2 protein chains.
Amino acid sequence: MPGRRRAALINCLSGFKSANLLGTRSASGQDNLALMSSAVHLGANPPLLGFVFRPHSVPRHTLENLTDTGWFTVNHVHSDIVEAAHQTSAKYPGDVSEFEAVGLTPEFTGDCPAPFVAECRIRMALKHEQTIPIEANDTLLVIGRIESVQLPGGCVGEDGFVDLERAGSVSLSGLEQYHTTKALIRLGYAEP
Amino acid sequence: MPGRRRAALINCLSGFKSANLLGTRSASGQDNLALMSSAVHLGANPPLLGFVFRPHSVPRHTLENLTDTGWFTVNHVHSDIVEAAHQTSAKYPGDVSEFEAVGLTPEFTGDCPAPFVAECRIRMALKHEQTIPIEANDTLLVIGRIESVQLPGGCVGEDGFVDLERAGSVSLSGLEQYHTTKALIRLGYAEP
């Protein structure tokens, strides 16, 4: 199978993925925004998320910035900003802010020096916790600790469940297919 | 925030997740099936998937088996088997096959000694490649190399894109909410 087709196929095999925008600011004050589909929940206590980085690909600036400053933001892509979010994956030069290039708005709140995406509804500030090299293919697992969370009103249940569908968060398959979702069934804690 | 509510909330923050059943067979021939929502695409060449394991939680048998035998299968959960798939997350004793307990069928094809789920449509055999400890919270990243893929007819495009929606694969948010998806938009490779 040709390399491009093979890569597209394998990119689909993990199943549906999340779509997140990672916001960072460089030590010299340059903002950066990168689309990532590799978020993985690592644990709730402490609250940790992981992201897979290819050191030589576009989100290199993101990696450099979060390593230098110790902070990044994670912002859920929702259905109204899918095109702008996807456009952040273009290879812009290092001195271009993807915020400006795609028409999204950096916003700063709290202690976090990294920019949030003003247009996003579910947003988190993370502190860089650890970066683990994955020898099998020369990638990196970047781990962040969730320091604060901003959620839209009416999206969090009594039990803590966050209604991502109501917040408009989208799902991604492969490299470029975005999906909205429809609640199918909610199941309880399984007992034998 | 109380621990249970907090854990439920944080489990939602990574965004939509995949729902996969991991099939393994122990060295002594006991089959095991475990629901996992932590699949992450690590790269296409070589074709690698990662899964996050908590060493002391239910999928411990899965971890032991894939380490002992070197193989596991990954099977996409689809909308017709969501309840059975979710039920595999119950804490069954070690001598119980989750296949039998939940009413799914083990199937063996090719060189892979681990059981596939006969009812699933997208299925892969993986060889255990590497296990990486994540010190930040004492979990493990288990990496598998995709050795073979079975896909239903009519689900793979000329360009390699796999239509997960057509295959019925579902998405998961938090610990227990399952979703079907609806194609929103397909975007091309982004250029500046």
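Colleague: Where does Asp138(B) lie in chain B?

Modeller: Asp138(B) sits in the loop between strand E9 (123–134) and strand E10 (139–150) of chain B. Strands here are DSSP runs of E with at least two residues, helices are runs of H or I with at least four, and both are numbered from the N terminus. This is a predicted model: local features need pLDDT of at least 70, side-chain atom pairs count only at pLDDT 80 or more, and totals for chains, interfaces and linings use all residues. Residues are numbered from 1 along each chain as its sequence is written, chains are lettered from A and ligands numbered from 1 in the order in which they are written, and side-chain values use heavy atoms, with hydrogens and water left out.

Colleague: What is the phi of Asp138(B)?

Modeller: The general idea comes before the case. Most residues other than glycine have a negative phi, and most peptide bonds are trans. Asp138(B) has a positive phi of about 60°, although it is not a glycine. In chain A, Asp138(A) has a positive phi near 60°, and its place is the loop between E9 and E10 of chain A.

Colleague: Does Asp138(A) count as buried or exposed?

Modeller: Exposed, because its relative accessibility is 55%. Asp138(B) counts as exposed at 56%. The cut-offs are under 20% relative accessible area for buried, over 50% for exposed and partly exposed in between, with a 1.4 Å probe and protein chains only.

Colleague: Which peptide bond in chain A is cis?

Modeller: The bond from Asn45(A) to Pro46(A) is cis, with omega near 0°. Pro46(A) lies in the loop between strand E4 (40–44) and E5 of chain A. In chain B, the bond from Asn45(B) to Pro46(B) is cis, with omega near 0°.

Colleague: What is the order of strands in the open sheet of six strands?

Modeller: Strands of a sheet pair through backbone hydrogen bonds, either parallel or antiparallel. Pairing here requires at least two DSSP bridges between two strands. The order is E1(A)-E11(A)-E12(A)-E12(B)-E11(B)-E1(B), with antiparallel pairing. Strand E1 (17–18) of chain A and strand E1 (17–18) of chain B stand at the edges, each with a single partner strand, so one side of each has no neighbour in the sheet.

Colleague: How many bridges join E12(A) to E12(B)?

Modeller: Nine, in the antiparallel sense; both strands span residues 177–186. Thr181(A) has Thr181(B) as its bridge partner. Ile185(A) has Tyr178(B), and Arg186(A) stands opposite Gln177(B). Within chain A, E11 (residues 171–173) pairs with E12 over three bridges, antiparallel. Gly174(A), in that hairpin, takes a positive phi near 60°.

Colleague: What area is buried between chain A and chain B?

Modeller: The size of an interface is often given as the accessible area lost when the parts come together. Here the buried area (accessible area lost by two parts on being put together, 1.4 Å probe, summed over both) is about 7,300 Å², and carbon and sulfur atoms give 64% of it. Leu13(A), Phe16(A) and His41(A) lose the most area in chain A, together 10% of what that side buries. The contact (heavy atoms within 4.5 Å) takes 85 residues from chain A and 85 residues from chain B.

Colleague: How many salt bridges does the rule find across the interface?

Modeller: Two. The rule asks for a side-chain nitrogen of Lys or Arg within 4 Å of a carboxyl oxygen of Asp or Glu. Arg186(B) forms one with Glu176(A), where the closest N and O atoms are 3.6 Å apart. E12(A) gives the largest share of the side of chain A that touches chain B, ten residues.
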